[in-house]
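Dear colleague,

Please find below the structure that I am handing over to you. I would be grateful if you would look at it alongside the notes that accompany it.

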Amino acid sequence: ENSMLLKQVLGILAVLIGIISSQEMRLIEFNETHQEWLTVSQVEALAHQECGADKGFMDITDHQTLSPYHQHHPRIIFPTVVNHDTRSIKTMFNKISETNLKATVEKLVSYPNRYYTTTEGATSAKWIRDSFSKITQHVNYITVTEFKHSWEQSSTIVRIEGTGDSNEVIIIGAHEDSTSLSLPEAPGADDDASGIATILELLRVLVESNWRGKRTVEIHAYSAEEVGLRGSQGIAHAYQKDNVNVVGMLQFDMTMYGTLSIGIINDYTDAAQNTFVKKILDEYTTLEYQNSRCGYACSDHGSWTKAGYPSSFPFETIFVEHNPFIHTDDDVVDNLNFAKGVEYVKLGLAFFSVLANQC
């Protein structure tokens, strides 16, 4: 009887804690001049809404002082010529596996959801981190680090130490979490299992090619993107406080829907780096592109822009033609174009290779 009573009490406490947590207030930023205090429940409702331009937001509660500055770090000049080492870069392309991309997406959608507060969200993030570690286990100049947050799902940082004496860092990121209008079902095949699959395959090809640049490069898997870029903000703010010299950041959020045509997001991104990315696309991929906009804070590049670092977001379509299945339980593997994912891996390989060896 006592054990039964204890279970009942614990159940009631869990419900009460859930109610209290749902009423916690968060400071939400919709653009540079519009902020509102909302409850967690209201923020979750925003996260679950249909995707669209100008629907992005940042939860800045824990990072209200994050703002652009460059302490002792002048901006780099992005290369205007990107074909100095075309042969060795394209040789790496032969190692890209469409089968691997599909297998990773299938694994991630096998979790009912990857929402940042759920057990599945934490477990899937650990699987991602373990996958990075398995790829890099025999390479002594690569580290895989868990970046913990105040919620269950951690982010992961993979660092390939550069051979030069520069303290400059280049980043490619994607996000781990998923959400849906139909929670708890949130397969998130495109948003953003596709991006995670892309960066995992990117890392595997780099390791199998024994690649190492002069500049240090990092691959990031972010937690809690869907609820206001909370994971990437935490990392960007930490890097800013530690005076890390990030010279370029590229976000892979949704990489496998539609034809071989993409949108280069040109609002809240860096114009000079966008021009560089277009040169990479022309030289190393079959992807066609046009300019597009997605509004404020539509993905994790927004955290790095807010911190004052150059960032770019090559989105899988122009934003107004985005995948209609995202944030629903129909965001599934069958809707994806894995050949497009291969082209994104090429973009990542060339972005790292050209920029890391510029110095």
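The notes below describe what was found, from the whole chain down to single residues.

This is a predicted model, in which local features need pLDDT of at least 70 and side-chain atom pairs count only at pLDDT 80 or more, while totals for chains, interfaces and linings use all residues. Residues are numbered from 1 along each chain as its sequence is written, and side-chain values use heavy atoms, with hydrogens and water left out.

Overall form

The chain contains ten helices and twelve strands; these are DSSP runs numbered from the N terminus, helices being H or I of at least four residues and strands E of at least two. Its radius of gyration is 20 Å, close to the 21 Å that the globule rule gives for 359 residues, so the chain is as compact as a globular protein of that length. That radius is taken over C-alpha atoms, and the rule is 2.2 Å times the number of residues to the power 0.38. The C-alpha trace spans about 75 × 45 × 40 Å along its principal axes. Of the 359 residues, 57% count as buried, meaning under 20% relative accessible area with a 1.4 Å probe and protein chains only. Among contacts (heavy atoms within 4.5 Å) between residues at least 6 apart in sequence, 82% join residues at least 24 apart.

Six strands form an open sheet of mixed pairing, in the order 4-5-7-6-8-11; two strands pair if DSSP finds at least two bridges between them. Strand 4 (142-147) and strand 11 (311-312) are the edge strands, each pairing on one side only. Strand 4 pairs with strand 5 (residues 155-160) in the antiparallel sense over six bridges, and Val144 stands opposite Val158 in strand 5. Helix 5 (residues 119-136) lies across strand 4, strand 5 and strand 7 (216-222), at about 170° to strand 4. Helix 10 (residues 338-356) also packs on this sheet, touching strand 6 (168-175), strand 7 and strand 8 (245-251), and its direction makes about 165° with that of strand 6. For these angles, axes are lines fitted to C-alpha atoms, for helices over the stretch in contact, and values run from 0 to 180 degrees between N-to-C directions.

Nonpolar cores

The largest nonpolar core has 60 residues, and those with the most contacts inside it include Val105, Phe132 and Phe351. Helix 10 gives the most to this core, with twelve residues. A second, separate core of 14 residues includes Val169, Ile171, Val244 and Trp304. Such a core is a set of buried Ala, Val, Leu, Ile, Met, Phe, Trp, Tyr and Cys residues joined through side-chain atoms within 4.5 Å.

Strand 1 and strand 2 pair over six bridges, with Met25 opposite Thr39 in strand 2.

Arg26 is placed in strand 1 (residues 25-31). Arg26 is buried, with a relative accessible area of 6%. Its side chain is joined to that of Asp59 by a polar contact of 2.9 Å, that is, a pair of N or O atoms within 3.5 Å, one able to donate a hydrogen and the other to accept it within protein, where residues adjacent in sequence count only if both atoms are side-chain atoms.

Definitions and conventions
Buried means under 20% relative accessible area, exposed over 50%, partly exposed in between (1.4 Å probe, protein chains only).
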